[in-house]
Amino acid sequence: MSAVALRLRYEIVGKVRFVGSRDLSRIWERTLRRVGVPVAYSQGFTPRPRLSFGLALPTCAASSAEYVDVRLSESLDSWGGTAGIGTVIDDALPDGLAVHAAALVDASGPSLQESVTAVTWEMTDFEQSSEQLSAAAASTLTADELLLERERKGSTTVDDIRPAIIDIAVDAPVDDAVDDPASSPRVIADVASVGRSLRPAELARAVFGVDDAANLRIHRVAQWTDGVHGRSELLPPPDRIRSLSAC
Amino acid sequence: METVWPELERILPRVRKPGRYIGGEDGAVVAAHGPGVVSWLLAYPDVYEVGLPNQGLQILYEILNERADAGAERTYAPWTDLESEMRARGLPLFSVDSHRPAAHFDVLAFNLSSELVATNVVNMIDLAGLPIHAADRSADAPLVLVGGHAAFNPEPLADFIDAAVLGDGEEVVGDITAAIADWQARRRTGHVDRSALLHALAGVEGVYVPSLYDVGYAPASHDTDGRPVPGGIVSLAPRADGVPIVVDKRTVADLGDWPYPKQQLQPLIEVVHDRLNVEVFRGCTRGCRFCQAGMITRPVRERPPEQIRTMVAEGLRRTGHDEVSLTSLSTADLSDIGPVLDGILDDRMATVPDGADREAPADCGVSISLPSLRVDAFTVGLAEQVTSGRRNGLTFAPEAGTWRLRQVINKLITDDDLAAAVDAAFAAGWRRLKLYFLIGLPSETDDDIAAIADLAARCVEVGRRSHDRASVTVSVGGFVPKAHTPFQWFGQNTEAELQRKVDLLRRAAKAHRGVQVKWHDPAASTAEGILSRGDRRVGAVIERVWRAGGVFQEWSEHLDLQRWVDAVEAEGLSVEHLVYRHRRANEVFPWTHLSAGLIHDFLWDDWQAALAESGLDDCRWTHCYDCGVCTGYDIDHVVASATPPGPSDEDAPPGGTDLPAVPVEIGASRRHPEQHPVAVGGR
């Protein structure tokens, strides 16, 4: 049997989204140990469980499309397949974390980081009106370049981030927020994730002039991969889980 | 406003480690609040990562939430970044469970595990929106309580607290709940004020209400240089009938009746001591004269071995931890330590599927740590049994450099004992050892300091027989005399003297290859000294330091000793009087009316024995020295064996089995300088 990994798509919402990525990976390790998932360990002096996460989610952002690959040390035959193990893990996760899909993947295939070519973000709680946001989005999409000054490891660079922006849409207030006149419109941004990634806070600053992204609510809704039939999500979103696990 | 979460949620993206403030731990419960339920907010006056693992707080959290008449939530000190945001927006101190404002609770109960948290206690009372002085609080304001080891001298906090609780908390929290519920019922039907509640609490065994006592002082004078010398205490007396002259601590007779925590909290973020903890016994009668914990927690009460085994197996299964610490003040002294360890390891192996790689961490990896005071080959053998693979660090605590001084402090390890333990440890594969020492001990000379370096050098030499690069780290802390110990009469070394000794040791150690020295800041020891044996007048000092911004005083980047010195002088007190002077034989201590069960004559005689360089055996295995605890409280040691645990005959090392039982520490669970919260981060 070639090396197999269990790929889980999960949601992170509510209070638990304030946990940093390092602590989140510890939560995963402990949860898998608790339910007895046969996780493979790395070799060496201090063996670590072989989990790999995709593109890091900013602390405080929510997501309904996070992924983890769990390298397995033995088959899952006794677990009732991937759907069965997904349910068991789901039950053991803390509030705010939920498994939405599970599948087996070839562990020698591309990593999550390599597979993901684009990410979709939803952002709300802007101070601007939907008209202002729409205008800013339109001018970005028609521009040839969009320069952004950013800092990394103490050095400042000016990058053209326009190529990373695939699409930006602006929605008027939705659902239950309709009653609230102060509720803000929603920005949906499709961002390419190849090369140096463009963070949602950076996008909000460059496109909408938001200086303090801490005021925004940010939610990752999809991570995309390119295939022969165009792009698709790494694993299907939750409303398709049932049909998937039935087959 | 029952929850501040909607406001807090907007602030959290602006602070470091927001995961500190979200609760949601596995094991956390949703407490019911409402009429007929006394609501407790259990507070730890340091940052979440330090406070969350505290077992005392977790035990009370469970016990209170199991009661129909009580509910409990938890809170921790907000780090300075969140505090600024909270004050800017008028957001009060909140619980991490339901984010309920602190002032909505009936009780705000602080766990005091050290003295330096005093300013954080005041800060949290203020953040709760309450007047910091107990006398200014309205009838229906939450009751402010303190408990824990440092509550055995609560006098520096007397102005700020309504009551202090002495000793084990398991039973007394129920009595306090009942007293509050009764007062609340009476208050609904008639006119009873807060003082009625305070008097009722003063009638609960183990509860001390400072405002019901008068303290008299001798007039102040001046020394020959014209500096003020505050008067000592001349009287301590209850103000009213029904208020006890002496308040005795509470003691749980049988730990087996209290298998808590049953659901140890599993935090979402990394905390210090991130592992399963199972308390295997409480109390210690080794009799180390500097050790307040050993003195105030007597007698020894062992948990039944089967219960230990069940709590470990259950806890590991439930939490998914791969490490368990068997906690006590000296775990190698547990009567059945050998069988208990065998049982735990058997239980783990039983979970390994047939044919699985038994060395694979996924299958059976669990490491066990054993904080222990003994220094001997037997203890090293235990450590060897419970560690596989990594043998990173092993710590021994000889505490003093010479046999003479170890007799003074009653830590009866000979140099040869230590060498034998060190030899066994290096031979078993450890390459780095840490040795803990105290400096500033009674009768200490420069020779005793130099001997620390020599002892470490000898350990390196022993280690190099096994490994070329064996090394030893010497970690020294300044000795701070504590209440209710034989050393309570001793004048603490000055900051300058401690610093001189540190420098002396560093110079002495330079001559030796493989010996490194780490030390605790003498300034922190001095500040701790002001609080440890201070009286009520130190309350004003705490308030000044707090108003000057001195919070998180256990964190080196926040401690500024000059603030304390300035505040002491501004209040007409002196550091000399509070910290450095030797106490008189007939001294009235600020805690003279508070009792850990130890009678005055025992402590005084033990202090005299110390000065005569005379050691004392462990009364668990020898005869009674009449310290007063067992006889006074009509309780007894609960130990399974009349002899100390040690190697059985067939396991005996060549050369005999007569290794004296010796003090040491395995693992690293004791709080010592470099394990101070500083290491946790927060930057």
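User: Where is Pro261(B) found?

Analyst: Pro261(B) is found in the loop of chain B between β11 (247-248) and β12 (276-279). Keep in mind that this is a predicted model.

User: How do you know which form the peptide bond from Tyr260(B) to Pro261(B) takes, cis or trans?

Analyst: Look at omega: it is near -10° for that bond, and the bond is cis. There's also a cis bond from Arg298(B) to Pro299(B), with omega near -5°. Pro299(B) lies in the loop between α8 (292-296) and β14 (301-302) of chain B.

User: What is the phi of Lys17(B) near?

Analyst: Phi of Lys17(B) is near 45°, a positive value, and the residue is not a glycine. Lys17(B) lies in the loop between α1 (5-11) and β1 (38-44) of chain B.

User: Why is Lys17(B) called partly exposed?

Analyst: Its relative accessible area is 35%. Buried needs under 20% and exposed needs over 50%, so Lys17(B), at 35%, is partly exposed.

User: And His99(B), what is its phi?

Analyst: His99(B) has a positive phi of about 55°, though it is not a glycine either. You'll see His99(B) in the loop between α4 (80-89) and β3 (107-111) of chain B.

User: Is His99(B) buried or exposed, and why?

Analyst: His99(B) has a relative accessible area of 0%. The cut-off for buried is under 20%, so His99(B) is called buried.

Methods
Residues numbered from 1 in each chain as written. Chains lettered and ligands numbered in written order. Predicted model: local features only at pLDDT ≥ 70, side-chain atom pairs only at ≥ 80, totals over all residues. Heavy atoms only, no water. Helix = DSSP H or I, 4+ residues; strand = E, 2+ residues; numbered from the N terminus. Buried < 20%, exposed > 50% of the residue type's maximum accessible area, 1.4 Å probe, protein only.
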